[in-house]
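Please open the model in your viewer and keep the sequence panel beside it. This tour goes from one selection to the next and says what is found at each stop.

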Amino acid sequence: MGLFNSRKTIYVDSDVLVIGGGFGGCGAAYESRHWGRDLKVVVVEKANIERSGAVAQGLYAINCYMGMQWDENKPEDHVRYARNDLMGLVREDLSYDIARHVDATVHMFEEWGLPFMKDPETGRYQREGKWQIMIHGESYKPIIAEAARKAATKVYNRIMVTHLLMDKKKPNRVAGAVGFNVRDGNFYVFRSKSVIVAAGGASHIFKPHSVGEGMGRTWYAPWSSASAYALPIQVGAKMTQMENRIVLTRFKDGYGPVGAYFLHLKTTTENAYGENYEPTWYDSIKEMVGDYVDHQPVPTCLRNHAFLQEVKAGRGPIRMVTKEAFKDPHKETVGWENFLGMTIGQAVVWASQNIDPKEINPELVMSEPYVMGSHATCSGAWASGPEDYAPDDYQWGYNRMMTVEGLFGAGDTIGGTAHKFSSGSFTEGRIAGKAAVKYVTDLGSDQPQVDEAEYENLKSVVYQPMENYEVGRNEIVAGTVSPSYLLPLHGLQRLEKIMDEYVGGTGTNYLTNEPMLTRGLELLSMLKEDLPYLGAESLHQLQRAWELQHRVITSECVAQHTLFRKETRWPGYYYRADHPKLDDTNWHCFTLSSYDAKSGEWEMEKAPVHHIID
Ligand code: SFD
Ligand code: AMP
């Protein structure tokens with residue numbers, strides 16, 4: 001490794017290392033400090049926590065709040081809601097654990113200065129829906145980041161974590177992480193007694209609707225690059241429900257979310273001929289999934305399914321009926337502000353396409369799939385549950401610890417816990433932080449040690465794309481296509497095409513089957529063979545190269561899970577055409593995977609779904 005020896009290696013020691021300073025990470029830092037007054041709590045973030053992660057642009061609602069102080073809901077009710085929405089399969093222990101603590105989190109947000117809308121008559125938080133409350137949330141992220149900054153011993157911004165480090169003595173114990181500074185290029189070795197991964201979900205593993213110059217326009221943040229899954233997968237942590245990718249109804253071209261419209265503005269949808277199409281599909285959905293169609297609210301995936309069927313039947317586009325609601329000045333203000341505080345691009349799209357929702361009912365579209373464990377979906381790591389509530393086989397260590405010792409997670413990282421959203425992710429970070437502190441305290445003198453040979457080897461692996469570029473660049477005089485390297489963007493487009501065409505993206509109407517998945521996996525393994533030849537022109541491109549690596553391994557995991565589950569559990573999220581119905585007899589279970597980095601092999605298994613709440 002000749003060219004980059006001049007880069008400095010910087011060593012950082014900590015008790016608790018938090019990877020990712022988004023909602024889960026900020027919660028983890030805050031709570032680790034509370035329980036570990038004298039401990040060294042370090043946050044490492046690839047951007048700047050002030051405006052990083054999915055909430056960078058702000059949010060207009062907090063989607064998970066019980067309202068227990070006013071007897072609005074009980075934690076058990078939220079578990080029932082999430083279970084119904086996910087067609088019966090959630091980790092009820094983990095979900096309950098978040099629901100019972102989430103209100104306290106939200107109250108802290110208010111103390112820290114987040115402006116909440118209040119119901120003028122009752123003085124309570126203004127409800128958008130049964131679980132959602134409305135905020136003036138443009139500055140949501142900086143407010144939460146401030147608390148984490150004050151709690152952490154140090155926040156390292158602009159460092160992209162590429163790999164976890166394992167203990168020299170105990171094979172299944174974490175000992176830290178490595179990464180590089182995307183501004184000065186220095187190599188960082190984080191040695192830590194415990195690690196909490198809170199690195200967000202994954203966009204751009206399936207081809208998005210907008211490509212070319214519009215490819216940054218996706219619903220989930222384009223910088224959510226799957227590290228939350230790739231880091232644990234690479235060290236053999238078990239993952240769950242990775243087939244449960246999410247597809248969402250969104251306003252066309254700007255990906256504006258629909259929740260505030262459906263729930264607060266009480267708008268409805270109609271087909272191109274002004275008809276309410278959902279009842280048309282009731283019988284056929286019942287035929288596919290049985291009584292799950294009768295749940296209230298109708299599960300997100302089934303609403304998607306009716307939308308997709310109606311478009312396939314030739315009666316699209318589907319529109320949101322806004323004209324009436326927008327005649328009410330309050331609702332009109334809410335409708336616009338919802339996007340100005342959260343998804344500004346949608347307001348800009350409407351302005352640029354001459355769409356005034358008072359005059360025109362705007363088009364909706366079904367998004368490409370994302371992988372994330374905090375919205376209406378359960379993908380993520382398989383985690384140990386709370387000591388006082390989890391059944392025995394969901395408990396092997398500390399709360400939120402993965403199947404790797406000392407490795408914890410929160411937010412999008414953790415599987416089985418849909419509908420936690422921003423507040424639930426922060427809450428889960430708090431739960432993980434508290435548990436990590438206990439783990440560290442219990443370690444005593446038996447402390448993990450990093451292996452110098454391991455991180456020295458990773459140092460050359462991490463910078464290899466820059467070396468590839470530097471050497472290979474001499475072989476071409478112009479253009480971007482080289483015989484010796486491929487650029488991160490080329491790799492990303494290849495990945496998105498494979499996932500789209502074989503693993504159930506928009507290109508096949510979310511449809512796949514065993515032969516398609518088998519071929520998709522072959523193509524993914526060929527892509528993996530080419531990844532050592534990634535070429536990075538700059539540190540920025542080096543970050544893109546590692547984001548791609550993380551997306552590819554996560555995609556492989558999604559494809560393996562999709563192949564393993566032989567049923568169509570969530571029509572509207574994806575379809576196994578060779579197993580077109582829900583099959584509770586054989587598949588009322590979680591799917592688990594583990595990856596062996598040495599052999600490149602995946603092992604799949606089933607785990608039982610325990611229903612703790614009636
Ligand atoms: O309307 C590395 N979300 C909503 N939540 C709500 O409560 N209300 C809403 O209104 C929500 N809506 C919404 C939402 C998200 C988006 C994008 C839109 C609309 C347009 C969901 C929440 O945002 C989500 O649940 C949480 O943010 C999840 O928290 P977490 O911690 O799992 O992810 P994060 O906040 O993105 O943070 C991840 C951080 O990790 C960093 N990172 N750092 C170092 N090294 C690496 N390799 C890293 N990889 C990633 C990231 O930079 C980031 O800071 S609505 O649609 O429902
Ligand atoms: P969204 O804006 O679509 O991301 O959704 C925000 C919140 O509203 C989430 O809690 C969704 O589950 C919920 N939601 C969105 N649309 C509907 C609907 N039609 N019926 C019930 N809940 C919904």
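Begin by selecting Gln-346 together with Gly-256: a polar atom in the side chain of Gln-346 lies 2.8 Å from the backbone nitrogen of Gly-256, and a polar contact here is a pair of N or O atoms within 3.5 Å, where within protein one must be able to donate a hydrogen and the other to accept it, and where residues adjacent in sequence count only if both atoms are side-chain atoms. Before going further, note that this is a predicted model, in which local features need pLDDT of at least 70 and side-chain atom pairs count only at pLDDT 80 or more, while totals for chains, interfaces and linings use all residues. Residues are numbered from 1 along each chain as its sequence is written, chains are lettered from A and ligands numbered from 1 in the order in which they are written, and side-chain values use heavy atoms, with hydrogens and water left out.

Stay with Gln-346 and colour helix H10, residues 344-352, where Gln-346 has its place; helices (H or I, at least four residues) and strands (E, at least two) are DSSP runs numbered from the N terminus. Is Gln-346 buried or exposed? Gln-346 counts as buried because its relative accessibility is 0%, where buried means under 20% relative accessible area, exposed over 50% and partly exposed in between, with a 1.4 Å probe and protein chains only. Leaving aside residues up to four places away in sequence, Gln-346 touches Phe-251, Lys-252, Gly-254, Tyr-255, Gly-256 and Phe-339, a contact being heavy atoms within 4.5 Å.

**Ligand 1**

Ligand 1 is surrounded by 35 residues, of which Glu-45, Ser-52, Ala-61, Ser-374 and Ser-422 are the closest. Which distances can you look for here? A polar side-chain atom of Ser-422 lies 2.6 Å from an oxygen atom of ligand 1, and a polar side-chain atom of Ser-227 lies 3.0 Å from a nitrogen atom of ligand 1. A polar side-chain atom of Arg-250 is 3.1 Å from an oxygen atom of ligand 1. On its own ligand 1 has 1100 Å² of accessible area, and the protein covers 96% of it; such areas come from the Shrake-Rupley method with a 1.4 Å probe, and for residues only the protein chains shown count as cover.

To see where this shell comes from, colour helix H1 (23-35), strand S3 (59-62), strand S6 (159-166) and helix H11 (421-443), each of which supplies at least two of its residues.

**Ligand 2**

Taken alone, ligand 2 exposes 480 Å², of which the protein buries 87%. There are 14 residues around ligand 2, and Gln-132, Arg-250, Gly-259, Arg-303 and His-375 come nearest. Helix H6 (residues 259-264) gives the largest share of this shell, three residues.

**The loops**

Move to Pro-297, in the loop between helix H7 (282-289) and helix H8 (300-312), where the peptide bond from Gln-296 to Pro-297 is cis, with omega near -10 degrees. Pro-317 sits in the loop between H8 and strand S12 (319-321), and the peptide bond from Gly-316 to Pro-317 is cis too, with omega near -5 degrees.

Then select Met-87, in the loop between helix H2 (75-85) and helix H3 (92-111). Although Met-87 is not a glycine, its phi is positive, about 55 degrees, and with a relative accessible area of 0% Met-87 is buried.

Finish at Pro-483, in the loop between helix H12 (452-472) and helix H13 (488-502). Pro-483 is exposed, because its relative accessible area is 68%, and apart from residues up to four places away in sequence Pro-483 touches Glu-475 and Ile-476.

How values were computed: Near = heavy atom within 4 Å.
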